[in-house]
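This report describes the fold and the side-chain contacts of the structure shown below. Please keep the sequence and the model at hand while reading.

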Amino acid sequence: MAAALWGDHEVAVRRSDTKLFAHPVVGLLELDCEVMLSPEHDQRLIVHTARPGTEAHERLQLLRVVGLQDLTRP
């Protein structure tokens with residue numbers, strides 16, 4: 001069945017999704033992913049965001065602070 005769909009080119013373009021990222025400092029991040037296509041579909045802009053009030057949102061806020069620190073110095 002999938003081969004027939006591919007052959008007919010009836011394949012949907014996925015423009016939004018949820019992605020999981022394992023960050024080495026703040027841990028697992030569940031982010032919303034939006035893909036915006038240019039009118040010619042030759043360029044894509046991919047935006048990852050965390051929903052306000054979620055653990056991922058709090059971890060990204062922490063990362064903003066941690067990201068400014070040099071953790072390699074004693």
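## Nonpolar core

The largest nonpolar core consists of five residues, namely Val26, Leu29, Leu31, Ala50 and Ala56. A nonpolar core is here a set of buried Ala, Val, Leu, Ile, Met, Phe, Trp, Tyr and Cys residues joined through side-chain atoms within 4.5 Å. Buried means under 20% relative accessible area, exposed means over 50%, and partly exposed lies in between (1.4 Å probe, protein chains only). Leaving aside residues up to four places away in sequence, Ala50 touches Leu31, Ala56, His57 and Leu60; contact means heavy atoms within 4.5 Å.

## Basis of the model

The model is predicted: local features need pLDDT of at least 70 and side-chain atom pairs count only at pLDDT 80 or more, whereas totals for chains, interfaces and linings use all residues. Residues are numbered from 1 along each chain as its sequence is written, and side-chain values use heavy atoms, with hydrogens and water left out.

## The sheet and its hairpins

Three strands form an open sheet in the order E1-E2-E3, with antiparallel pairing. E1 and E3 are the edge strands, each of which pairs on one side only. On average, neighbouring strands of this sheet are turned by 35 degrees against each other, direction ignored. Helix H2 packs on the sheet and touches E1 and E2, its direction making about 95 degrees with that of E2. Axes are lines fitted to C-alpha atoms, for helices over the stretch in contact, and angles run from 0 to 180 degrees between N-to-C directions. Helices (H or I, at least four residues) and strands (E, at least two) are DSSP runs numbered from the N terminus, and two strands pair if DSSP finds at least two bridges between them.

E1 and E2 pair in the antiparallel sense over eight bridges, and a hairpin joins these strands through three residues. Within this pairing, Phe21 has Leu29 in E2 as its bridge partner, while Thr18 stands opposite Asp32 in E2. Strand E2 (residues 27-37) also pairs with strand E3 (residues 44-49) in the antiparallel sense, over six bridges. Here Leu37 has Arg44 in E3 as its bridge partner, and Asp32 stands opposite Thr49 in E3. The hairpin formed by E2 and E3 has six residues between the strands, and His41 in the turn has a positive phi of about 60 degrees.

## Salt bridges

How many salt bridges does a search of the whole structure find? The search finds three, a salt bridge being a side-chain nitrogen of Lys or Arg within 4 Å of a carboxyl oxygen of Asp or Glu. Side chains of opposite charge can pair when their charged atoms come close. One of the salt bridges joins Arg51 and Asp32, with an N to O distance of 2.9 Å. Because Arg51 lies in the loop between E3 and helix H2 (55-66) and Asp32 lies in strand E2, the pair ties together parts that are 19 residues apart in sequence.

Asp17 forms a salt bridge with Lys19, the closest N and O atoms being 4.0 Å apart. Asp17 is partly exposed at 26% relative accessible area, and Lys19 is partly exposed at 34%. Glu55 forms a salt bridge with Arg59, and their closest N and O atoms are 2.5 Å apart. These residues are separated by about one helical turn because Glu55 and Arg59 are four residues apart in helix H2. Arg59 is partly exposed, with a relative accessible area of 22%.

## Surroundings of Asp32

Is Asp32 buried or exposed? Asp32 is buried, with a relative accessible area of 18%. Not counting residues up to four places away in sequence, Asp32 touches Asp17, Thr18, Val47, His48, Thr49 and Arg51. The side chain of Asp32 also makes a polar contact with the side chain of Arg51 at 2.9 Å. A polar contact is a pair of N or O atoms within 3.5 Å; within protein, one must be able to donate a hydrogen and the other to accept it, and residues adjacent in sequence count only if both atoms are side-chain atoms.

## Surroundings of His23

His23 is located in strand E1 (residues 16-23) and is partly exposed, with a relative accessible area of 26%. The side chain of His23 reaches the backbone nitrogen of Val25 at 3.0 Å. Residues up to four places away in sequence not being counted, His23 touches Leu29 and Leu63. The C-alpha atoms of His23 and Arg59 are separated by 9.8 Å, while these residues are 36 residues apart along the chain.
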